[in-house]
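Here is a short tour for anyone with the model open on screen. Keep the sequence beside you and follow the headings in turn.

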Amino acid sequence: MTFNAHGVRVGVRVSERSALERVLERLPPGWKPARSPIVSRLYSLVVGGDGPRPGLRRFNLLYGDAARLARSREVGEVLEAFETNLQLYVAEMAPRRLFVHAGVVGWRGQAVLIPGRSFTGKTTLVAALVKAGATYYSDEYAVLDARGRVHPYARPLGIREHGALQRATKYPVSTLGGRAGSKPLPVGLVIVSEYKAGARWRPRRLSPGKGALALLAHTVSARRQPGAALHTLQQLISRAPVLKSVRGEVEQVVEFVVKTFGDR
Amino acid sequence: MPDTSEHFLPQARRDGILFQAIDDEVIVYDTERHKAHCLNQTAARVWEHCDGQTTVADVARRLAREFEAPVDQTAVWLAVEQLQKARLLADAPRRPTGLSRRELLKRLGVAAAVALPLVTTIRTPAAAQGASCAAQGELCGPSAGGLPCCPDLPCGQIGGAGDCVCVPPLTKFFPC
């Protein structure tokens, strides 16, 4: 099968038809089937299954073009690697979108961006804001167009309840009592924050240049298309303040956002 | 300033450089080193005047006209030094003034009429760093298309064979 995700055309082939359904569940939000067989990357999933002798299982293999990307006896692990690799590939190659590693929610027609590395508490903050009434946009990437507007990338939230010791559990936004956004929004606020136990939320506004630098540090295609990245971030920064502070519990930040944008 | 630096003509590097003005600041992207630099207004103005034909004293005079305030040569030297450190100048001597940054700051004192020049630098991430990380026991590195492990978890092969996984603490492993 071939599909289009954010302007990137990708193909997937599987050795067993039954695996295709599980592949479809792993495609990036917003994908659409494509008619053309010409793709910029072809993934091949070889399902292992039972080996020649009882109790022996063949490896499941994943290839991206000719390179082997993953090998495991657990098909779930290989699918996980497929999802991550595909997501990253689309994020890096998308021709008209800029992907910033960030959580995003919508509030009163404006988006709040929370860029950051893994384990800085992005998803926790996004989940808390959704519970407080925000519209869910993403817990992984802020997908920006050339005007600096953010588009929805509403995959289920990956919440790690036991830190790095356990895989993230996926929660559809509806389980948090929230709903996902469907329209692009202008960015109203950027929060550069990191969880630190016991810390107080005391935001200070970064200069526009330093704010752009803070976003560039989390931009997936910064090295591949720096010119486009700088242009898009300039558009975003010209409208949205960038605030920076460590934070303790999420309530402080949620309260701040509610005060900034007004109660819903 | 020492004699050796009087005729120093700083020249901004143009090859492998992209830049974008954002308000008064300028973001300069070095495509060779994959570093992005934020130049504050003073540093940005100095960088713009580094054309290889203008002395530091002349740059200071031009800035004074633009800012409509006195600009000490030392402020320009401070900017030149930072631009040089960030490799945004072409073929400049290592330390043109022979003075350390601390000495330059001391010389400038606190009475500068314009903001002190400041260059802030980051290294931009490789694409794989823009994804969520792999948890304990999950495939990582070459076994997962370059995906890094979450903080404090090494990516390794347990027993020296098989897939690369994020290794639990206190477990023996071979690096991938």
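## Salt bridges across the chains

A salt bridge here is a side-chain nitrogen of Lys or Arg within 4 Å of a carboxyl oxygen of Asp or Glu. The model is a predicted one, in which local features need pLDDT of at least 70 and side-chain atom pairs count only at pLDDT 80 or more, while totals for chains, interfaces and linings use all residues. Residues are numbered from 1 along each chain as its sequence is written, chains are lettered from A and ligands numbered from 1 in the order in which they are written, and side-chain values use heavy atoms, with hydrogens and water left out.

## Two bridges in chain A

Let us begin with A:Asp65 and A:Arg41, whose side chains form a salt bridge at 4.0 Å, N to O. A:Asp65 sits in the loop between β5 (60-64) and β6 (67-72) of chain A, and A:Arg41 in strand β4 (residues 41-46) of chain A, so the pair ties together parts that are 24 residues apart in sequence. Helices (H or I, at least four residues) and strands (E, at least two) are DSSP runs, numbered from the N terminus. A:Arg41 is buried, at 19% relative accessible area, whereas A:Asp65 is partly exposed, at 42%; buried means under 20%, exposed over 50%, and partly exposed in between (1.4 Å probe, protein chains only).

A:Asp139 and A:Arg155 also meet in a salt bridge (3.2 Å, N to O). A:Asp139 belongs to the loop between β9 (135-138) and β10 (141-144) of chain A, and A:Arg155 to the loop between β11 (149-151) and β12 (157-159) of chain A, so this pair ties together parts that are 16 residues apart in sequence. Both A:Asp139 and A:Arg155 are buried.

Which residue does B:Glu48 form a salt bridge with? The partner is B:Arg45, with the closest N and O atoms 2.1 Å apart. B:Glu48 is partly exposed, with a relative accessible area of 39%, and B:Arg45 counts as partly exposed at 23%. Elsewhere, salt bridges that share partners join A:Arg26, A:Glu80, A:Glu83 and A:Lys170 into one network.

## Strand β14 of chain A

In strand β14 (residues 185-195) of chain A, 8 of the 11 residues are buried, so the strand is largely enclosed by the rest of the structure. Strands pair if DSSP finds at least two bridges between them. β14(A) pairs with strand β8 (residues 110-115) of chain A in the parallel sense over 3 bridges, and A:Ala111 stands opposite A:Val187 in β14(A). With β11(A) the pairing is antiparallel, over 2 bridges, and A:Val150 stands opposite A:Leu185. With strand β16 (residues 242-247) of chain A, β14(A) pairs in the parallel sense over 6 bridges, and A:Ser193 stands opposite A:Ser245.

## Where the chains meet

Chain B has 42 residues in contact (heavy atoms within 4.5 Å) with 41 residues of chain A. Across this interface the rule finds 0 salt bridges. β1 (17-22), β2 (25-30), β3 (35-39) and β4 (119-123) of chain B each supply at least two residues of the side that touches chain A, and β1(B) gives the most, with 4 residues.
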